[in-house]
Amino acid sequence: MMSAPSEAGLRIISAGPGTTLQDAGRHFYLRFGITAAGPMDPLAHATANLAVGNAPGATALEVTLGGIEVTAEGRPLTVAVAGGDFAVSLDGRPLPSANVLLTLEPDAVLKIRAGRSGAWCYLAIAGRLDVAEVLGSHATHTRTGFGGIEGRAIGADDRLRVEPSGAAAVPLGLIAAPWLDRPPGIIRVVLGPQDDYFAEDQIAAFRDGPWRVSTKADRMAFFIDGPTLTHARGYNIVSDGIAMGAIQVPGNGRPIVLMADRQSTGGYPKIATVIGPDLGRLAQTRAGTEFRFEIVSVEQAVAARRAEATALASGVAVEPLVRTDFTSEFLLGLNLIDGVVAAGPLR
Amino acid sequence: MMLQSGAALAARPAYPRFLDAGETALVVEFGDVVDPAINAQVLALDAALRADPPKGAREFVPTYRSLMIHYEPLEIERAELIRIARQAMAATTVSATEGATWILPCCYEPPFAEDLDEAARLLKLGRDELVALHAAATLRVYMYGFTPGQLYLGGLPRELAISRRPEPRPPHPAGAVLIAGGLCVVAPFVMPTGWYVLGSTPERLYAPERQNPFFIQPGDNLRFEPVDAATFRGLEERTARGEIVARKSAA
């Protein structure tokens with residue numbers, strides 16, 4: 001036990017640009033022009049939270065390809081990392097998976113760097129982050145300065161006060177979340193709401209691509225490279241609402257997928273909308289990676305959503321790397337890589 | 001000509017239309033133009049559904065000509081949501097009663113009137129003439145959109161119909177009052193824009209610390225009241241303290 005820690009907290013040693021705090025989003029204010037924000041990969045965000053025993057929509061750090069380095073202050077913190085295939089290390093020792101649950105001791109350094117694939121991962125902390133709510137949410141929307149820490153991205157020397165959950169310290173474990181294994185390649189969409197602004201051959205061109213995520217891809221929008229689409233009857237529409245995943249086609253015929261930080265309304269025809277279960281898959285697709293769209297019905301999209309919800313409801317299993325309850329300091333003295341091989345195959 | 005108009009007639013969709021924005025949002029579309037009667041239908045459905053929200057419906061977003069309903073499809077099926085929306089429309093008479101009319105102070109003087117001269121030149125109007133026309137108009141609040149608290153207003157006189165800029169201009173200040181495309185916008189957040197900045201309001205259409213962060217409703221009317229720069233500064237101090245300086249017109 002630590003001696004009389006005053007406050008538990010997470011200190012950011014360094015963080016890549018665009019690192020933000022996200023909960024499930026600032027909902028119910030779209031009618032006033034307020035974007036929900038929330039995680040780019042809602043499924044990974046929920047997984048990290050569930051792994052530490054939080055509610056699936058609790059506030060967690062969204063880590064970008066720029067990576068992050070953090071340490072605990074005051075008390076050990078139970079944390080989970082889940083998302084893209086990032087490289088995670090603890091006190092300089094590489095951990096065998098990107099999806100891990102561990103106890104972060106004060107002054108121990110957890111480092112997350114871009115790995116083989118994926119563009120976002122989530123760092124969840126058991127308990128509650130002490131940050132001010134804006135309209136009932138912690139979700140950060142940097143363009144309007146809403147949420148998170150003063151509405152901005154997280155950076156070096158930021159400190160997040162944590163009210164830790166009462167849960168006991170956990171041994172280092174691998175998060176078994178097969179639903180996070182989503183190879184890029186096919187992104188499912190439902191046509192509309194303005195697919196009638198495109199002739200059939202253009203819908204086919206849209207479907208077949210092939211598309212690549214361009215280098216212009218952030219929390220607001222993913223510009224995608226592929227065939228240039230033509231509109232059947234103009235490209236100016238009277239503005240209407242924009243859902244996350246809406247694929248708008250502006251006058252230049254080059255589609256833009258609108259993501260978590262999108263504007264609430266817009267005036268370009270939206271040919272299709274990425275289905276909820278594939279939002280994370282698209283978000284995790286890195287620039288240059290090729291993919292195609294698959295057109296599905298609302299019923300098929302709902303079936304995929306149900307399957308995802310059922311998987312999550314079954315709980316997030318954590319497989320301890322070493323089946324003892326040693327402190328992580330002691331554990332790190334062991335040969336972790338051998339421990340992994342003994343514990344089972346890697347994904 | 002006959003053929004063309006025949007084809008156009010055939011292509012004209014029957015409203016309302018139910019369009020999908022993915023599996024979690026349904027768009028109920030009443031038309032494809034900016035029109036007070038269409039907007040009134042949108043707002044009537046919005047009000048009816050909000051008064052008795054269907055289980056599984058999460059959020060309603062009214063715009064000029066459609067209502068976007070965000071829903072959880074694992075709690076309510078699309079067909080059931082459409083049935084409820086149809087029922088609500090059948091049971092609701094689209095009210096002709098006007099919303100509140102707001103008087104919003106606006107300073108059309110430097111340094112706020114950044115594009116006033118440019119707009120006046122393009123519209124072939126005198127500067128004072130443009131201001132007089134803008135301030136005399138009773139505008140309809142169609143919707144919020146784009147950024148928090150940004151109001152979209154229609155009903156500008158034809159003389160103020162100006163096209164959007166071919167290229168966006170540098171960011172306007174918070175509170176800018178802009179026109180383009182026959183519409184007017186009040187923009188609480190600094191943003192680059194393709195519109196023309198006529199002036200600025202000291203009012204805060206969105207104030208998170210205020211008991212009612214948003215006080216103007218779609219369906220309300222709005223008029224601008226010209227104020228000089230000194231008055232603007234005084235009003236700005238009051239709004240900074242959380243006061244609302246817009247007034248409800250008795251008319």
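Guide: In this predicted model, helix H4 of chain B runs over residues 116–123, and its buried residues are B:Leu116, B:Ala119 and B:Ala120. These three cover an arc of only 100 degrees around the axis, so they sit on the same side of H4(B). The face turned away from that buried side carries B:Asp117 and B:Arg121, which are exposed. As for what covers the buried residues of H4(B), the cover includes helix H5 (127–136), strand S9 (176–180) and strand S12 (196–200), which belong to chain B. Just after H4(B) comes B:Lys124, where phi is positive, at about 55 degrees.

Chain B also touches chain A: 34 residues of chain B are in contact with 34 residues of chain A. On the chain B side, the elements that give two or more residues are strands S1 (17–20), S2 (25–29), S3 (57–62) and S4 (66–71). S3(B) gives the most, with five residues. Sorted by class, this side of chain B has 19 nonpolar, eight polar and seven charged residues.

Chain A itself is divided into domain 1 (9–177 + 316–343) and domain 2 (186–310). Their C-alpha centres lie 29 Å apart. The contact between them takes 20 residues from domain 1 of chain A and 13 residues from domain 2 of chain A. On the domain 1 side, helix H1 (42–51) and strand S8 (109–125) of chain A are the elements that give two or more residues, and S8(A) gives the most, with four residues.

Key
Residues are numbered from 1 along each chain as its sequence is written. Chains are lettered from A and ligands numbered from 1 in the order in which they are written. This is a predicted model: local features need pLDDT of at least 70, side-chain atom pairs count only at pLDDT 80 or more; totals for chains, interfaces and linings use all residues. A residue is buried if 20 or more other C-beta atoms lie within 10 Å of its own, exposed if 12 or fewer, and partly exposed in between; C-beta atoms are placed from the backbone. The arc is that of the directions from the helix axis to the C-beta atoms. Two residues are in contact if their C-beta atoms, placed from the backbone, lie within 7 Å. Ala, Val, Leu, Ile, Met, Phe, Trp, Tyr, Cys and Pro count as nonpolar, Asp, Glu, Lys and Arg as charged, and the others, Gly among them, as polar. Domain bounds come from an automatic or database domain assignment.
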